[in-house]
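These are my notebook entries on one structure. I set down what I looked up, topic by topic.

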Amino acid sequence: MNKTTVRLQDKSKTINWVTDNIVTIIFILFTVFGFIVSQGIDINFFLTDLSERFFRNAFLVLSLIIPVIAGLGLNFGIVIGAMSGQIAIAIVRYFELGGVGGLMLCFLIALPISALFGLLTGLLYNKTKGQEMIASLMAGFFANGWYQLLFLYVVGGIIKVPANHPMIKPDGIGIRMSIDLGTVDKGGLKDSLNSIWEMPFMWAVLIVAATILAIIGIKYILDRKKNRKITKFQNIMSIINMSVCVIMIGISVFAIATNSKLMNIKEIPVITALLIIALCVFTELIMKTKLGQDFKSVGQNQHIAEVSGINVDRTRIIAVIMSTVFAAWGMIIYVQDMGTLNTYNAHTNIGLFSVASILVGGASTSKASIKHAIFGVILFNSMFIMSPEIGASVFGSPLLGEYFRTFMVYGVIGVALGLYAWKGNKKGKLTLENMEQ
Amino acid sequence: METLNEKKLGFGEAISRIGLPTVIIGIFWIFILIVGVCFGIPLDALISDTIKRAGMNGILVLAMVPSIQSGTGPNFALPVGIVCGLLGIVCAIEFGFTGWGWILVAVLIGVVLAIVIGYLYGKLLNAVKGSEMTIATYTGFSIVAFMCLLWLMLPFQNKQIRWMMGTGLRETIQLDAVGGAQLLNNFGLFNIGGELVNGAYVGGITIPTGLLLVFFIFCLGIWLFFKSKIGIAISSGGINPGFARSAGLNIDRGRVIANVISTVLAAVGIIVYSQSYGYAQLYTAPLTMAFAAVAAILIGGATAQRAKVSHVIIGVFLFQGLLTTAMPVANEIFKGTDLSETLRAVIQNGVILYALTQVKGGGK
C-alpha cells in the first residue's frame with residue numbers, strides 16, 4: 001500500500017467523522033461563538049450554573065442508554081418514568097415525610113410504579129416494532145393526560161383529601177400547580193440528597209481529572225504489556241485526554257493553593273455525583289452479563305437473536321423497565337435539586353431535553369454510551385446557558401434567545417434522527433446495488 | 001353500506017370493519033350526549049357548535065389523506081403547512097387588504113409558499129424513508145420554533161398585527177379588524193328553529209353554509225384527484241411500492257406531489273380555521289395541531305396506511321362532536337374544573353397510539 005491511498009483513506013475517514021459528529025460540532029461551535037459574542041459572561045456564573053444543571057440532569061440522560069442498545073431507539077417514554085417519580089414525591093410530601101429517609105422512601109415508592117409503567121410501555125413498543133420512537137412520544141403525551149386526570153380530578157374528587165392541606169387546591173379538588181418541597185432542615189425534601197455531603201468545585205475537578213489520568217495511564221500500561229495494537233488515532237486521543245487532565249489538575253491546584261475567584265463556584269453534591277457514577281458503572285457492568293449481551297444482539301438483529309434462542313420481546317421489555325425506573329429516580333434527583341415540584345410542567349420537557357442532550361453528545365438511534373451521555377449533558381446545558389446571552393448580544397433581545405433555544409432543541413433531534421435515517425437508506429441502497437451487480 | 005351487512009357478519013368482524021376507534025368514540029359520544037340531555041344542556045347549541053367546529057377543522061384533517069395514501073403516513077408535519085397559511089394571513093393584512101380581498105390574498109400567498117415548502121418537505125421525506133413519522137413530527141416542531149424567531153424579527157409595520165412597542169408580531173391577531181372574522185361562516189348562514197334577537201340567533205341549529213361549502217368542495221376535489229390517473233398512481237405507490245415500481249411508476253415523485261398537496265391543504269385549512277375562530281394564533285399555537293388532525297382522521301376509520309375522504313368527514317364530526325359535547329357535560333359533573341383539555345389529550349393520543357400498534361411490518 002502506498003502513501004497516497006493511505007492519505008486518501010485518512011481523508012475519507014475525516015469526512016466520515018465530521019458527518020457522524022455534525023450535531024456535536026455544531027453545538028461546540030455554537031457555544032464557543034456564544035462565549036465570543038457575549039462579552040464578560042462571568043466564568044463563575046457559567047460554571048456554577050453548568051454544574052448545577054449537570055447534577056440535575058445527568059441521571060435522567062443516562063437512563064436513555066439501555067433502550068438504545070436494545071434497539072428500541074431513543075426512549076421518549078422516560079417522561080412516563082418521570083411522572084412515576086413525581087407521583088412518589090407527591091405521596092411522600094402529602095404525608096409530610098422529609099429528610100434523607102423521606103427521599104429514600106420516594107425512591108422506594110417510585111420503583112414499583114415505574115416498573116409497572118415500564119412494563120406497559122414495553123408491551124406497547126413490542127406492538128409497534130419499527131415505530132418505537134413516535135410511539136414513545138405519543139405514549140408520553142397519552143400518559144400525561146392520565147397524569148393530569150389523576151392529579152387534577154381523582155385526587156380530591158374520588159380520593160378524599162382535606163382541603164386545607166398545603167398541597168391541595170383551596171377548593172379541595174386537585175393538586176396545586178407547584179408544590180414546595182420544604183428545606184431539609186425543616187423536615188423537607190429540598191436538597192435532601194445534595195446536602196448530605198458537599199465538596200468545593202475545584203477539589204472535585206482535581207479528583208476527577210486525577211482519576212481519569214490514572215485510568216488512562218493504567219490502560220496504557222496494560223495495553224503495552226499485552227502487546228495490543230494501538231492505532232495512531234487512539235494514541236493521539238489518549239495524549240490529548242491526558243494533557244487535558246494535566247491542565248485541569250494544574251488549574252485546580254493553582255485555584256486551591258491561591259484561593260482564587262474560582263473557589264467561589266457553588267459546591268458540588270457528592271452523593272448525587274456518586275449515584276450518577278453508580279449508574280454509569282451499572283450500565284457498563286450489565287453489558288458484560290448475559291442480559292447485556294442479549295440487549296446487544298436484540299439491538300443488532302431481532303431475527304438472528306430470536307433464532308439463537310433469545311426471547312426478544314422479553315429482553316426489550318426488561319430494557320424499557322430499567323430505563324423507566326432509572327428515569328423515575330432521575331426525576332426524583334432532579335426535583336429535590338429544584339426544590340419545588342411544578343406538578344404539571346416539570347416532566348413535559350424532560351424527554352425532549354434528555355434526548356437532545358444524548359444526541360448532542362454524539363449518540364444516534366442505534367448507538368449510545370456513557371461518554372455520549374456525559375459529554376452531551378455538559379454541551380447541551382452550556383448551550384442552554386449561553387443562548388439567552390447570544391440572543392441578547394446578537395439580536396438585542398433575550399426572548400429571541402429563548403425561542404432560538406427551543407428551535408435548537410427540536411432542530412437537533414430532527415437533524416440527528418434525519419441524518420441517521422438518511423445514512424441508513426443510503427447504505428441500504430448501496431448494498432442493494434452491489435448485490436445486483 | 002357496511003352497516004347493512006352487519007347482521008350477517010359476526011360482531012367482532014363488524015367492529016373490525018368499521019374500525020375499533022370509530023366504534024368506541026361513537027358509543028362514547030352517544031353516551032355523553034344522553035348524559036348531557038339528562039343534565040338539561042340544550043341539544044341545539046351542541047349540534048350548532050359541532051357543525052361549526054367540524055367545518056373549522058375539516059380541511060386540516062383532509063390534509064392527512066394525500067400523505068397517508070402516498071405511503072408517508074399521517075402528516076405529523078402539518079405545522080409546516082400551517083405556518084405558510086399564517087404567513088399568508090399576516091402578509092395580506094400587512095398589504096392592507098380587507099374582507100374578501102384579504103382572504104383571497106391570504107390563500108394565494110399561503111398556497112404559493114406551501115407549494116415551495118411542501119416540495120422541499122416531500123424531498124426530505126424521500127431521504128428518510130422508514131422513519132417518516134418521527135422525522136415529520138420533529139420537522140413540524142422545528143419549523144414552529146423557527147417561525148417563533150421569524151414572527152419576532154420580520155419587519156411588519158401594520159399596527160393591527162405588530163406589538164405596540166419593539167418589533168415583532170402579536171401572539172393572537174384579531175381578524176374582525178380587517179373584516180375577516182367569520183367571513184366564510186356568515187356567507188349564506190341560516191338557522192333552523194331559532195329566533196333572531198338583535199342580529200344574532202338565539203336557540204335553534206345554525207348552519208354556516210359558506211364554511212361547510214368550502215370544506216365539501218375541497219373534499220370533492222381530493223376525492224376526484226384520487227380518481228384521476230395521477231391520484232391512482234400515488235395511492236398504488238402507497239399500497240405496494242415494489243409492485244408500483246415494477247409497473248413503471250415513479251413512487252418518489254408521487255410522494256412529493258402528495259405531500260405538496262397535503263401542505264397546501266394545511267395552509268388553506270388554517271386560514272379557514274382562523275377566520276372561523278376570529279383570531280390567527282401565531283408562535284407556539286400550531287405546535288400540537290397536527291395530533292388533533294391525525295386523531296380525527298383515525299377516529300373516522302382511517303389507518304396509518306389507508307385513508308379515504310369519507311374517513312375525514314366521519315372523523316371530524318365525531319371527534320369535534322365528542323369534544324364539544326364533553327366540555328359542558330364534564331363541567332356539569334366536575335364543577336369549576338376544565339376537564340376538556342385532559343380528556344382531549346387522552347382520547348387524541350390514545351387513538352394515535354392504537355393506530356401505531358396496527359402498523360404492520362417493522363422490526364429488524
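**Helix pair H5 and H13, chain A**

I began with a helix contact in chain A, in which A:Ile78, A:Ile80, A:Gly81, A:Ala82, A:Ser84, A:Gly85, A:Gln86 and A:Ile89 of H5(A) meet A:Ser323, A:Thr324, A:Ala327, A:Ala328, A:Met331, A:Ile332 and A:Val335 of H13(A). Sorted by class, this contact has 9 nonpolar and 6 polar residues, and no charged residues. I note that the model is a predicted one.

I then looked up the geometry of the pair. The axes of H5(A), residues 78-94, and H13(A) come within 7 Å and cross at roughly 55°. The crossing of H5(A) past H13(A) is right-handed.

**Helix pair H6 and H7, chain A**

Next I took H6(A) and H7(A), the latter spanning residues 132-157; their axes come within 9 Å and cross at roughly 140°. The cut-off for roughly antiparallel is over 145 degrees, and the pair is therefore recorded as oblique. H6(A) passes H7(A) in a right-handed crossing. I listed the residues in contact as A:Thr121, A:Leu124 and A:Tyr125 on H6(A), with A:Glu132, A:Ala135, A:Ser136 and A:Ala139 on H7(A). The classes in this contact are 4 nonpolar, 2 polar and 1 charged.

**Helix pair H13 and H14, chain B**

In chain B I looked up H13(B), residues 309-333, and H14(B), residues 340-357. Their axes come within 10 Å and cross at roughly 150°. H13(B) and H14(B) are therefore roughly antiparallel to each other. I recorded the crossing of H13(B) past H14(B) as right-handed. H13(B) contributes B:Phe319, B:Leu322, B:Leu323, B:Ala326 and B:Met327 to the contact, and H14(B) contributes B:Ser340, B:Leu343, B:Arg344, B:Ile347 and B:Gln348. I find 7 nonpolar, 2 polar and 1 charged residues in it.

**Interface of chains A and B**

For the interface, I noted that 42 residues of chain A and 40 residues of chain B take part in the contact. The two chains bury about 3700 Å² between them, with 74% of it on carbon and sulfur atoms.

How many salt bridges cross the interface of chain A and chain B? I find 0 across it.

**Salt bridges**

Over all chains, I count 10 salt bridges in the structure. I looked at one of chain A, in which the side chains of A:Arg56 and A:Asp337 meet at 2.9 Å, N to O. This pair links distant parts of the chain, with A:Arg56 in H3(A), residues 43-62, and A:Asp337 in H13(A), residues 312-338. The two residues are 281 residues apart. H13(A) is also the helix that meets H5(A) in my opening entry.

**Backbone exceptions**

Most residues other than glycine have a negative phi. A:Glu96 has a positive phi of about 55° although it is not a glycine. I placed A:Glu96 in the loop between H5 and H6 of chain A, where H6 covers residues 99-127.

Where in chain B does B:Gln182 lie? I located B:Gln182 in the loop between strand S1 (172-174) and strand S2 (190-192). B:Gln182, which is not a glycine, has a positive phi of about 55°.

Technical notes. Residues numbered from 1 in each chain as written. Chains lettered and ligands numbered in written order. Predicted model: local features only at pLDDT ≥ 70, side-chain atom pairs only at ≥ 80, totals over all residues. Heavy atoms only, no water. Axes fitted to C-alpha atoms, helices over the stretch in contact; angles between N-to-C directions. Helix = DSSP H or I, 4+ residues; strand = E, 2+ residues; numbered from the N terminus. Parallel < 35°, antiparallel > 145°, perpendicular 65-115°, else oblique. Left-handed = near helix turned anticlockwise from the far one by under 90°. Contact = heavy atoms within 4.5 Å. Nonpolar A, V, L, I, M, F, W, Y, C, P; charged D, E, K, R; others polar. Buried area = accessible area lost by both parts, 1.4 Å probe. Salt bridge = Lys/Arg side-chain N within 4 Å of Asp/Glu carboxyl O.
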